[in-house]
Amino acid sequence: MFLRILDRLEEILITTLMGLATFIIFLAVMHRYLIGIPLLYPLLFPIHMSWAQELCIYMFVWVAKFGAAYGVRTGIHVGVDVVVNLLNPPWRRAVVLFGLFCGAFFTAVIGTMGAKFVYGLMHTDQVSPDLEIPSWFVYLCIPLGSYLMCFRFLQVAFKFWRTGDLPHHDHAHVEGIDVEAPGIGAAEATR
């Protein structure tokens, strides 16, 4: 139950931030071009969109950190496993588990260093240039995303240890769309 909630929150966070960032960038670009039209200039000039670029950069950084954890969970990270797949099963298992534990260790170290950095920023008055939000909040994605990625590495390692299966992403599959058996086409129906 906890894992399903965590999976859904991760997906909602990623899609919401990507969607909002795309929409905000679209509005900022439209504002930039429409303000050049003399009829719209008096209406659009008082609207300041200087904050949009900074906000979208922060949103995409958060998406990247949490998207990396999503990638570990779903198996969509690029990996070169030609040599690993040539190994005997016991050696392959050991090498894969070693790689997953190295990933977990690395992301735990990055998460801990990020947490210390964020904790240090919390005691300062540093704010972002345009939005003027606390800098620690902007950098909070580093420990949160890294610890989530560490958890995902351990989750994949545990599943691989138990079942021998790694997550594999099927590029032909789109979630929510069920492919049925091919039906009779229009050309075949008229014969």
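Axes are lines fitted to C-alpha atoms, for helices over the stretch in contact, and angles run from 0 to 180 degrees between N-to-C directions. Helices (H or I, at least four residues) are DSSP runs, numbered from the N terminus. The model is predicted: local features need pLDDT of at least 70, side-chain atom pairs count only at pLDDT 80 or more, and totals for chains, interfaces and linings use all residues. Residues are numbered from 1 along each chain as its sequence is written, and side-chain values use heavy atoms, with hydrogens and water left out.

**View 1. Helix H1 against helix H3.** H1 spans residues 2-34. Its axis comes within 9 Å of the axis of H3, and the two cross at roughly 150°. H1 and H3 are therefore roughly antiparallel to each other (angles over 145 degrees count as such; under 35 is roughly parallel, 65 to 115 roughly perpendicular, and the rest oblique). The crossing of H1 past H3 is left-handed, a term for a near helix turned anticlockwise from the far one by less than a right angle. By class, this contact holds 20 nonpolar, 2 polar and 4 charged residues. Ala, Val, Leu, Ile, Met, Phe, Trp, Tyr, Cys and Pro count as nonpolar, Asp, Glu, Lys and Arg as charged, and the others, Gly among them, as polar.

**View 2. Helix H3 against helix H7.** H3 covers residues 51-74 and H7 covers residues 141-163. Their axes come within 8 Å and cross at roughly 5°. That makes H3 roughly parallel to H7. Contact means heavy atoms within 4.5 Å. On H3, the contact is made by Val-61, Trp-62, Lys-65, Phe-66, Ala-68, Ala-69, Val-72 and Arg-73. The H7 residues include Leu-144, Leu-148, Met-149, Arg-152 and Phe-153. The contact of H3 with H7 divides into 13 nonpolar, 2 polar and 3 charged residues.

**View 3. Helix H1 against helix H7.** The axes of H1 and H7 lie 13 Å apart, at an angle of about 130°. That makes H1 oblique to H7. Their crossing is left-handed. H1 contributes Leu-3, Leu-6, Asp-7 and Glu-10 to the contact, and H7 contributes Leu-148, Phe-151, Arg-152 and Gln-155. These residues divide into 4 nonpolar, 1 polar and 3 charged.

**View 4. The largest pocket.** A pocket, on a 1 Å grid over the protein atoms alone, is an open set of points where a 1.4 Å probe fits, with protein on both sides within 12 Å along at least five of seven lines; lining residues have an atom within 4 Å of a point. Grid points are joined across faces, edges and corners, and a volume is the space filled by probe spheres set on the points. The largest pocket has a volume of about 640 Å³. Its lining has 21 residues, with His-77, Gly-79, Asp-81, Leu-166 and Pro-167 nearest its centre. H3, H4 (82-86), H5 (89-122) and H7 each give two or more residues to this lining. The largest share, 5 residues, comes from H5. The lining divides into 12 nonpolar, 7 polar and 2 charged residues.

**View 5. The second largest pocket.** This pocket holds about 230 Å³ of space. Its lining includes Glu-11, Tyr-70, Arg-73, His-168, His-169 and His-173. H3 gives the most to the lining, with 3 residues.
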